[in-house]
Amino acid sequence: MTTREGFEVGYDDSGDVEVIRAEPDVRPNVEADGALGCHSGGEMAKAAEMAAPSLMEKFRADYPQGPHDKPQSMCPAFGSLRVGLRMKRVATILSGSACCVYGLTFVSHFYGARRSVGYVPFNSETLVTGKLFEDIRDAVHEIADPDALDAIVVTNLCVPTASGVPLRLLPKEIDGVRVVGIDVPGFGVPTHAEAKDVLAGAMLNYARKEAEAGPVPRPQSGTDDRPTVALLGEMFPADPVMIGAMLAPLGLAAGPTVPCREWRELYAALDCGAVAAIHPFYTAAVREFEAAGRPIVGSAPVGAEGTAAWLAGIGDAFGLPADAVAAAQNAFVGAIKGALAANPITGRITVSGYEGSELLVARLLIECGADVPYVGTACPKTRWSAADAEWLSAHGAEVRFRASLEDDLSAMEGHQPDLAIGTTPVVQRAKELGTPALYFTNLISARPLMGPAGAGSLGEVVRAAMAGKDRMADMKAFFEGVGHGDTAGVWEGAPNLRPDFRAQHQRKLDKKAKAAKAAEMI
């Protein structure tokens with residue numbers, strides 16, 4: 001498919017790929033103090049500014065920081081790690097502190113990873129002398145088996161990034177196995193959702209250069225003869241199918257979902273006619289699609305109004321006649337309105353999370369009849385989220401981008417909702433107050449949102465949770481008086497609080513803070 005800028009993906013059915021080799025001309029800088037810990041916050045960022053200023057500048061542009069210098073959710077690198085582990089014929093190597101690697105591998109296997117994660121250990125000596133980079137390079141060469149792998153993803157965590165370990169100096173390919181190096185520090189990438197974009201963007205960049213150089217192999221699933229719409233952002237498996245059904249009356253098809261599940265799908269994604277930014281924070285991925293000349297369409301086909309607007313945007317991107325777009329809208333908007341009417345939601349709901357689909361969920365809840373006074377997302381505001389934010393504001397919702405945990409808790413406690421949808425600490429606090437709550441990631445993201453199925457699925461789980469309000473009140477009354485925090489539980493006597501210990505520990509913290517402040521002034 002040729003675009004207005006002339007970029008074209010050509011497929012080579014023989015399966016041979018010409019890989020571009022690029023020799024770096026930059027020498028590594030690994031002189032940062034290897035003793036820095038992962039919880040040093042701004043100190044790590046300062047070290048990275050000295051070791052890799054261009055990288056930090058890119059992070060600031062792509063992933064602007066919020067109110068905190070450290071993530072409030074899980075380690076961001078889990079996002080990119082999970083993307084790599086889900087791809088066929090892709091190996092993953094982590095470089096970071098052992099405690100970080102242990103936690104990341106534990107969580108990845110908890111969420112169903114079925115392969116090992118490589119790890120290159122280090123100490124202060126190997127970090128400072130540059131031996132760590134050599135160890136990483138040796139590890140990449142050791143596992144680069146073209147019969148088993150299409151690519152190897154090497155990820156720098158906080159300490160190697162702050163020390164300037166130069167993954168850009170790794171070979172671009174070894175015996176036909178691509179090598180993709182990325183940095184995903186907690187002080188540069190605020191959320192695990194955006195870390196998915198770090199890897200997706202790096203892979204799309206590599207694949208785009210391959211396609212520009214010559215024919216590339218077709219995806220194993222084949223390609224569609226119709227123009228396609230690439231889908232940006234992880235979704236429930238039924239959603240791409242529903243989107244494909246909505247596109248069919250327009251003569252279009254749903255293309256691959258990015259992040260992809262195999263390397264060759266990257267070529268098919270780049271071969272699309274337009275990109276649907278279902279998750280609007282994929283800044284690096286959008287940059288690669290725009291470099292290939294692909295138009296980007298924001299929002300998603302969620303609810304009746306959202307679906308009508310989204311189909312109109314797709315029609316504009318492809319230059320389709322108005323009557324064709326109207327026919328597609330009529331085919332689905334009526335069915336969605338019927339599903340919304342059959343699944344009404346009555347009550348006040350606050351929405352917060354860090355997945356990136358919070359605005360879409362809030363739109364669907366409002367169209368189902370719910371009162372949604374607050375929507376908080378840990379992800380940043382982008383031009384692709386503008387339409388959803390404007391729609392929500394027009395319907396009485398306060399939209400908070402880069403929302404902190406404190407923002408979400410304050411909104412939940414202030415609005416006193418009938419249901420709180422949010423992250424684990426928000427849900428925990430809501431239940432302490434006797435308010436029904438749902439964990440966004442496992443109970444909201446893990447169900448369809450698009451089309452008629454979205455209204456039915458979301459309405460069912462929300463109504464079931466709200467129906468438990470009396471039960472939550474009974475539980476709160478039952479446990480009333482058992483203590484809170486470090487006094488939780490049933491005590492035969494008064495708990496031994498030892499305020500003298502607390503005061504002594506606080507003095508140590510104050511002394512440490514004063515010393516750090518004095519060091520900054522030197």
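Predicted model: local features only at pLDDT ≥ 70, side-chain atom pairs only at ≥ 80, totals over all residues.
Residues are numbered from 1 along each chain as its sequence is written, and side-chain values use heavy atoms, with hydrogens and water left out. Local features need pLDDT of at least 70 and side-chain atom pairs count only at pLDDT 80 or more, whereas totals for chains, interfaces and linings use all residues.

**View A. The aromatic pair of Phe478 and Phe479.** Rings of Phe, Tyr and Trp (its six-membered ring) pair if their centres lie within 6.5 Å, with planes under 30 degrees apart counted as stacked, over 60 as edge-to-face and the rest as tilted; by this rule the count comes to five aromatic pairs. Phe478 and Phe479 form one that is edge-to-face, at 5.0 Å centre to centre and with 85° between the planes. Phe478 is exposed at a relative accessible area of 65%, and Phe479 is partly exposed at 47% (buried is under 20%, exposed over 50%, partly exposed in between; 1.4 Å probe, protein chains only).

**View B. Arginines over aromatic rings.** A charge sits over a ring if NZ of Lys or CZ of Arg is within 6 Å of the ring centre and within 35 degrees of the ring normal. Arg363 lies over the face of Trp391, 4.4 Å from the ring centre, while the charged end of Arg498 is placed over the ring of Phe501 at 3.9 Å from its centre.

**View C. The buried residues of helix α17.** In α17 (residues 424-432), Val426, Val427 and Ala430 are buried; helices are DSSP runs (H or I, at least four residues), numbered from the N terminus. Just after α17, Gly434 takes a positive phi of about 80°.

Terms used: Helix = DSSP H or I, 4+ residues; strand = E, 2+ residues; numbered from the N terminus.
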